[in-house]
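Dear colleague,

I am handing over the structure below, and I would be glad if you opened it beside this message and followed the notes that come after it.

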Amino acid sequence: MKKQLIAATIISTMMISNVSWANDNDNDMSEEREHTEELVGLSSGILLGAVIGGPVGAIIGAFTGTFIGKSVGDEAELSVQKQQLVQQEQKLTQTNEQLMALSTKQQSLEQVSEKYYQLQSNLAEQKANQQQTLNELTIGMNVQFKTGSSHIEPLFEQQLDNVAYMMSLSPELTIDLTGYADRRGDNDFNQALSEQRLAEVTQYLVTQGIARERLHGQAYGSTLPMHQEQNFENDFFDRRVTLKLLAPGAELAAN
């Protein structure tokens with residue numbers, strides 16, 4: 001043991017002497033200073049190694065300790081990085097799953113919206129066609145009256161019977177009725193006459209089994225003539241009650 005300590009001391013003394021000699025060299029002071037620090041560190045390591053296992057043990061212990069320390073540090077760093085990578089991978093997996101779920105929901109929503117739009121378009125087209133058909137059916141559906149009269153003539157009774165039968169087949173239909181008078185007489189008389197004509201037609205349909213709430217009417221007297229020029233023929237067409245069939249939802253628009 002004493003021999004090992006003496007050998008280590010001799011080696012250390014030689015290295016320190018070399019350091020002192022190197023410090024006297026002014027031409028390469030910077031380089032020698034770095035070399036000196038290395039030698040001092042190395043001598044300290046050799047000294048500690050010599051105490052345990054001699055000169056050879058000091059050298060082997062120094063290198064082995066360096067590699068072991070570096071290996072342990074690298075493994076710890078790799079472990080931390082591995083955990084971080086696992087966490088990032090889990091987050092990416094969750095994000096991808098969320099994006100896939102969102103994409104599926106968005107596609108489903110687009111499909112539902114497209115179907116809804118198509119159904120709305122089809123419904124609007126059907127309503128338009130139905131209303132056009134009803135408008136075509138109501139062309140000429142006027143009950144004409146004699147001058148100053150609200151009596152329904154037999155010819156128009158048959159027409160009203162047909163209307164009542166049509167409404168019995170289609171319970172969803174309603175009728176908009178408007179009463180008029182020609183421009184003979186004063187306005188108050190013509191207004192009252194148009195209201196009486198409207199009431200007669202409405203009552204006739206009710207007696208044929210049509211519910212009164214399906215019949216909506218308004219009288220206008222002589223305020224809305226069909227033609228600007230007043231003559232015998234135009235007056236005949238102004239003495240009327242007009243019937244218009246309405247599909248569901250069209251009543252408000254008509255009013």
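**The nonpolar core**

The largest nonpolar core has 21 residues, and those with the most contacts inside it are Ile175, Leu177, Val201, Leu205 and Leu243. At least two residues of this core are supplied by each of α3 (154-169), β2 (174-179), α4 (187-207), β3 and β4 (240-246), with α3 giving the largest share, 5 residues. Please keep in mind while you read that this is a predicted model.

**Leu215**

Is Leu215 buried or exposed? Its relative accessibility is 9%, and because residues under 20% are counted as buried, Leu215 counts as buried. Not counting residues up to four places away in sequence, Leu215 touches Ile175, Leu177, Thr202, Leu205, Val206 and Ile210.

**How α3 and α4 pack**

The next thing to look at is a pair of helices. α3 and α4 pack with their axes 10 Å apart and at an angle of about 55°, and they are therefore oblique to each other. In this arrangement α3 passes α4 in a right-handed crossing. Which residues of the two helices meet? From α3 there are Glu157, Leu160, Asp161, Val163 and Ala164, and these meet Val201, Tyr204 and Leu205 in α4. Sorted by type, the residues of this contact between α3 and α4 divide into 6 nonpolar, no polar and 2 charged.

**Ser222, in a loop**

Finally, please look at Ser222, which lies in the loop between β3 and α5 (232-238). Ser222 has a relative accessible area of 11% and is buried, since the cut-off for that word is under 20%. Apart from residues up to four places away in sequence, which are not counted, Ser222 touches Ala181, Asp182, Arg183, Asn187 and Asn190.

With kind regards

Technical notes: Residues are numbered from 1 along each chain as its sequence is written. This is a predicted model: local features need pLDDT of at least 70, side-chain atom pairs count only at pLDDT 80 or more; totals for chains, interfaces and linings use all residues. Side-chain values use heavy atoms; hydrogens and water are left out. Buried means under 20% relative accessible area, exposed over 50%, partly exposed in between (1.4 Å probe, protein chains only). Contact means heavy atoms within 4.5 Å. A nonpolar core is a set of buried Ala, Val, Leu, Ile, Met, Phe, Trp, Tyr and Cys residues joined through side-chain atoms within 4.5 Å. Helices (H or I, at least four residues) and strands (E, at least two) are DSSP runs, numbered from the N terminus. Axes are lines fitted to C-alpha atoms, for helices over the stretch in contact, and angles run from 0 to 180 degrees between N-to-C directions. Angles under 35 degrees count as roughly parallel, over 145 as roughly antiparallel, 65 to 115 as roughly perpendicular and the rest as oblique. A crossing is left-handed if the near helix is turned anticlockwise from the far one by less than a right angle, and right-handed if clockwise. Ala, Val, Leu, Ile, Met, Phe, Trp, Tyr, Cys and Pro count as nonpolar, Asp, Glu, Lys and Arg as charged, and the others, Gly among them, as polar.
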